[in-house]
Amino acid sequence: MRTVEIDEDILDSMFEHIEYLHTLVNSVLDHLKVKKAGEWLTSNEVAKILRISTATLHNFKQYGKIPFSQIEGRIMYLTDDIANYLSSQRIKNM
């Protein structure tokens, strides 16, 4: 195993970013809990919840990162699938 030396300021900055991401994921998961399990969401709702553009959401859909359904021409997402995606992206504490 290699040992790497990191400047203390950089390490602190990394921890701040990790904490921010942790808080962001938790707030989004809390927002999803307000929705009923199995409820359908539009692309605009999902993009707003995830704080991403609809173009980025489209890329997630194209690359199979988030399951979706097409209902009468509209792309829809289940709240459970969004919560599962976020949980799969969570970084465990070291």
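What share of the contacts in the chain with a separation of 6 or more comes from residues 24 or more positions apart? Such residues account for 57% of those contacts, where contact means heavy atoms within 4.5 Å.

The structure is a predicted model, in which local features need pLDDT of at least 70, side-chain atom pairs count only at pLDDT 80 or more, and totals for chains, interfaces and linings use all residues. Residues are numbered from 1 along each chain as its sequence is written, and side-chain values use heavy atoms, with hydrogens and water left out.

The chain has four helices and three strands. Helices (H or I, at least four residues) and strands (E, at least two) are DSSP runs, numbered from the N terminus. Read from that end, the order of elements is α-β-α-α-β-β-α. Of the 94 residues, 23% count as buried; buried means under 20% relative accessible area, exposed over 50%, and partly exposed in between, with a 1.4 Å probe and protein chains only. The chain exposes about 7,400 Å², and 54% of this is supplied by carbon and sulfur atoms. Accessible areas come from the Shrake-Rupley method with a 1.4 Å probe, and for residues only the protein chains shown count as cover.

The three strands form an open sheet in the order β1-β3-β2, with antiparallel pairing. At the edges stand β1 (40-42) and β2 (69-71), each with a single partner strand, so one side of each has no neighbour in the sheet. Neighbouring strands are turned by 50 degrees against each other on average, direction ignored. Two strands pair if DSSP finds at least two bridges between them; β2 and β3 pair over three bridges. S69 has M76 in β3 as its bridge partner. Helix α4 packs on this sheet, touching β1 and β3, and its direction makes about 65 degrees with that of β3. For such angles, axes are lines fitted to C-alpha atoms, for helices over the stretch in contact, and values run from 0 to 180 degrees between N-to-C directions.

The next topic is the interior. A nonpolar core is a set of buried Ala, Val, Leu, Ile, Met, Phe, Trp, Tyr and Cys residues joined through side-chain atoms within 4.5 Å. The largest one has 17 residues, of which V46, L50, I66, Y77 and I82 touch the most other members. The elements giving two or more residues to this core are α1 (8-34), α2 (43-50), α3 (54-62), β3 (74-78) and α4 (79-89). Leaving aside neighbours within four places in sequence, I66 is in contact with L50, L57, F60, K61, Y77, I82 and Y85.

Helix α2 shows a buried side and an exposed one. Its buried residues are V46, A47, I49 and L50. Seen down the axis of α2, they fall within an arc of 165 degrees, so they line one face of the helix; the arc is that of the directions from the helix axis to the C-beta atoms. On the other side of α2, N44 and K48 are exposed.

Two loop residues remain. Most residues other than glycine have a negative phi. R51, in the loop between α2 and α3, has a positive phi near 60 degrees. At 55% relative accessibility, R51 counts as exposed. E72, found in the loop between β2 and β3, has a positive phi near 50 degrees. E72 also counts as exposed, at 81% relative accessibility.
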